[in-house]
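Here are my comments, in numbered points. Please keep the structure open while you read them.

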Amino acid sequence: MLKNLKIVAVLLAGILLSGAAAAQSNVAVLNLQAAIMSTEAAKSKVNALKTSSEYAKLQSSAEAIRDEVKKMAEDAQKNGMTWSDEQKAEQQRKMNFKRSDFETTVKKLRALESQVGQEIQKTMAPKAKAALEAVIKEKKLDLVLDANSAFYAGPDYDLTAEVVKRMNSDKK
């Protein structure tokens, strides 16, 4: 009995000491993609894309097609009872073509956005790495986790804003 009590006491002390050691380590989280995309340089590139003539043309085309499909659906709802089966089928075919046009236009928009996002990530990754390394050194961190993988991290443990601030101030 005394032997079991000693074993339990040793295990309990080990658990408490390991908890104390873990409490002394410096841990933080970072959302690297959000940090990169929140920089002034990234926002500028995204803004340049969204104000480009190609993007604006695709955006207005998508809106126009969406409006056409909506009008066609309203027309079918309003007048469909008086249409023959052939007219209904023709209207449905036209609407399907318009929907397909809309989806294609939206895919083009998303492709442009994705391309710019990838370019931003590629060009800003070294700057982000340098900024993160500086913050790690400055704060003497032992571990930095991806914020998206952490179940919970309080705002004091999130380095994202600090890395963004450092990247924005480093105009290299």
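Predicted model: local features only at pLDDT ≥ 70, side-chain atom pairs only at ≥ 80, totals over all residues.

1. What span should the 27 residues of helix 4 have, and how far apart are its end C-alpha atoms? Helix 4 covers residues 53–79.

2. Which of its residues are buried? They are Tyr-55, Leu-58, Ala-62, Ile-65, Val-69 and Met-72. The cover over these buried residues includes helix 3 (40–50) and helix 5 (85–139).

3. Now the whole chain. The protein chain has 6 helices and 2 strands. Starting at the N terminus, the order of elements is α-β-α-α-α-α-β-α. Trace that order in the view before you go on.

4. How much of the chain is buried? Of its 172 residues, 23% count as buried. The chain exposes about 12600 Å². Carbon and sulfur atoms supply 58% of that area.

5. Next, contacts along the sequence. Take the contacts between residues at least 6 apart in sequence. Of these, 85% join residues that are at least 24 apart.

6. Look at the largest nonpolar core. This core holds 23 residues. Which members touch the most others? They are Leu-30, Ile-36, Ile-120, Leu-159, Val-163 and Met-167. Two or more residues come from each of strand 1 (27–30), helix 2 (32–37), helix 3, helix 4, helix 5 and helix 6. Helix 5 gives the most, with 9 residues. As background, nonpolar side chains in soluble globular proteins tend to be buried together.

7. What does Met-167 touch, leaving aside residues up to four places away in sequence? Its contacts are Ile-36, Thr-39, Met-124, Lys-127, Ala-128 and Ala-131.

8. On to charged pairs. How many salt bridges does a search of the whole structure find? The search finds 5. One of them joins Glu-90 and Arg-93, with the closest N and O atoms 2.5 Å apart. Both residues sit in helix 5, 3 residues apart, so about one helical turn separates them. Glu-90 has 29% relative accessibility, so it counts as partly exposed. Arg-93 has 38%, so Arg-93 counts as partly exposed too.

9. Helix 5 holds another such pair. Arg-110 forms a salt bridge with Glu-113, and the closest N and O atoms are 3.0 Å apart. These two are 3 residues apart in helix 5, so about one helical turn lies between them. Arg-110 is partly exposed, at a relative accessible area of 45%. Glu-113 is partly exposed as well, at 23%.

10. Lys-139 forms a salt bridge with Glu-162, the closest N and O atoms being 3.5 Å apart. The pair links distant parts of the chain: Lys-139 is in helix 5, Glu-162 is in helix 6 (residues 160–169), and they are 23 residues apart. Are these two residues buried, exposed or partly exposed? Lys-139 is partly exposed, with a relative accessible area of 37%. Glu-162 is partly exposed, with 26%.

Technical notes: Residues numbered from 1 in each chain as written. Heavy atoms only, no water. Helix = DSSP H or I, 4+ residues; strand = E, 2+ residues; numbered from the N terminus. Expected span 1.5 Å × (residues − 1). Buried < 20%, exposed > 50% of the residue type's maximum accessible area, 1.4 Å probe, protein only. Contact = heavy atoms within 4.5 Å. Areas by Shrake-Rupley, 256 points an atom, 1.4 Å probe, with all protein chains shown as cover. Salt bridge = Lys/Arg side-chain N within 4 Å of Asp/Glu carboxyl O. Core = buried A, V, L, I, M, F, W, Y, C linked by side-chain atoms within 4.5 Å.
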